[in-house]
Amino acid sequence: MDKFQIKGPCKIKGEVEISGAKNSALVLLAATLLFDKPVILKNLPRVRDIDTMLNLLKSLGSKIILSKDKKIVKIQNKKKMKTLAKYSLVKTMRASILVLGPSISKFHKSIISYPGGCNIGSRPVNYHLSALKKLGMKYEIKQGYIHAKTNGRLNGAKINFPRISVGTTENTILAASLASGKTILKNCAIEPEIKDLTNFLNAAGAKIKWSGRTCSITGVKSLKEINYSVMGDRIEAGTFCIAATLAEGDLQIKNFNPKNIETELKLLKKAGAKFKTFENKIFIKGPKKIKPIKNIKTKEWPGVATDMQSQLMVLMCKANGQSSITENIFENRFLHVGELQRLGAKIKIKNSTATIEGNTKFIGAELMSSDLRASVALVLAAMVSKGKSAINRIYHLDRGYEKLENKLKKIGVKIKRLK
Ligand code: UD1
């Protein structure tokens, strides 16, 4: 199993190119199941979750042609597609559930492995299933699989989601795009990746309109051929902005829209970062002394992203005073805390709130990754620790960060991948 070795502390300086957004690319790939015509997607991030989704599509019968650098894909579906999404593919990535909505809408049948829990929480799919049921999907759960079917096209419906959920909103939009009649979805998640999805679908002929958290979809019979570029990854960009703030950095971060991380940038400003934003890039400098921030709370977009919670915690460990972070989205997303404590962090957890003492002098140590964002937090902490750290099980990190060690090396981090 690969691990990272990092020698700290390092200051960082230079340019970073942000890759395509993993969470956007995943749902756009699932959306290709709705098409008879070919779809070209550009700016794919080269990360493991994308390989998993491409393998899943292949197993359903899609023809996948990748460019040499694997950043552009052309997908053409067969006339008769398969409907079984196997456990072996679904178990490694919960986002596989996103093929259910398009499959049931287009092929009227889907048998998909029921996704299990994961390290950051139980992550059920009950909202996905009940929303699709309202559009006319019938299903049973047998031997670990969701057996779903419908008699002909799904029917538009009015749905008020009981909780804001990114995946549920996406799955339901995908299904409703080809349903008969109008669907009105209330209490939707409105993350930028979801807007990327509806921009993509509308460009292919779908009829989707937004008003705040309400999404209206008039079903169409088919979608047109399309060539589309995935948005830049706001979480990767945010991670580098936190890195700059943490390590007295001086970075130019390119190929993403800084508006997509406005909330997190406000926090970094409070912590002392200085930055200038442009349409597609940011210049950011970290302070000598990091200021603490009380009451950081993760929330659905446009709130502070849960996917940046662990990185912000590392930053607060180095602030010159006490701070606190409350995790409101996932029930078990403090797995990085134990590892940060091994580096010397003083953090106390009570229910969903972490109180962080600050003024930590991190000392390098051997660490273990537990999930995607927790692993990148450990990388940030190791960068500002004195001495050598080793971060084990970075396969978690490879799921969502493209060539992270190369990007970090380029800006001055002493990092090595050990096989
Ligand atoms: C997506 C993102 C993930 C991000 C999360 C929150 C992808 C591939 N992943 O995950 O990176 O951290 O949004 O921004 O885009 N829930 C239920 N029942 C359901 C569905 C969700 O109880 O049927 C709960 C979840 O357990 C969680 C909360 O709702 O506590 C929000 O989850 P959701 O927004 O659905 O996250 P994902 O789509 O899984």
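**Reading rings, ligand and buried polar side chains**

Mentor: Start with Phe283: at 33% relative accessibility, this residue counts as partly exposed. Keep in mind that this is a predicted model.

Trainee: How do I read that label?

Mentor: Buried means under 20% relative accessible area, exposed means over 50%, and partly exposed lies in between. Phe283 has 33%, so it falls in the middle class. Phe278 falls there too, with a relative accessible area of 40%.

Trainee: Next, the rings. How many aromatic pairs does a search of the whole structure find?

Mentor: Three. A ring pair is described by two things: the distance of the centres and the angle of the planes.

Trainee: Take Phe35 and Phe200. What kind of pair do these rings form?

Mentor: A tilted one, because the planes stand at 50 degrees. The ring centres are 5.7 Å apart.

Trainee: Where do Phe35 and Phe200 lie?

Mentor: Phe35 is in the loop between helix H1 (22–31) and strand S3 (39–42). Phe200 belongs to helix H7 (residues 192–203). The pair therefore ties together parts that are 165 residues apart in sequence.

Trainee: Are Phe35 and Phe200 buried or exposed?

Mentor: Both are buried. Turn now to the rings of Phe278 and Phe283. Their centres are 5.7 Å apart and their planes make 80 degrees, so this pair is edge-to-face.

Trainee: Which residues do ring pairs link into a cluster?

Mentor: Phe35, Phe200 and Tyr228.

Trainee: Which lysines lie over the face of a ring?

Mentor: Lys195 lies over Trp210, at 4.8 Å from the ring centre. Lys281 sits over the face of Phe278, with 5.7 Å to the ring centre.

Trainee: Now the ligand. How many residues surround it?

Mentor: There are 18. The closest are Asn126, Ser165, Val166, Asp307 and Ile329. By type, the shell divides into seven nonpolar, seven polar and four charged residues.

Trainee: Which helices each supply at least two residues of that shell?

Mentor: Helix H5 (126–134) and helix H6 (166–177).

Trainee: What lies at polar distance from ligand oxygens?

Mentor: On the backbone side, a polar atom of Pro124 is 3.2 Å from a ligand oxygen. For Tyr127, a backbone N or O atom lies 2.7 Å from an oxygen of the ligand. Asp307 uses its side chain: an N or O atom there is 2.6 Å from a ligand oxygen.

Trainee: How much of the ligand does the protein bury?

Mentor: Taken alone, the ligand exposes 750 Å², and the protein buries 86% of that.

Technical notes:
Residues are numbered from 1 along each chain as its sequence is written. This is a predicted model: local features need pLDDT of at least 70, side-chain atom pairs count only at pLDDT 80 or more; totals for chains, interfaces and linings use all residues. Side-chain values use heavy atoms; hydrogens and water are left out. Rings of Phe, Tyr and Trp (its six-membered ring) pair if their centres lie within 6.5 Å; planes under 30 degrees apart count as stacked, over 60 as edge-to-face and the rest as tilted. Helices (H or I, at least four residues) and strands (E, at least two) are DSSP runs, numbered from the N terminus. Buried means under 20% relative accessible area, exposed over 50%, partly exposed in between (1.4 Å probe, protein chains only). A charge sits over a ring if NZ of Lys or CZ of Arg is within 6 Å of the ring centre and within 35 degrees of the ring normal. A residue is near a molecule or strand if one of its heavy atoms lies within 4 Å of it. A polar contact is a pair of N or O atoms within 3.5 Å; within protein, one must be able to donate a hydrogen and the other to accept it, and residues adjacent in sequence count only if both atoms are side-chain atoms. Accessible areas come from the Shrake-Rupley method with a 1.4 Å probe; for residues, only the protein chains shown count as cover. Ala, Val, Leu, Ile, Met, Phe, Trp, Tyr, Cys and Pro count as nonpolar, Asp, Glu, Lys and Arg as charged, and the others, Gly among them, as polar.
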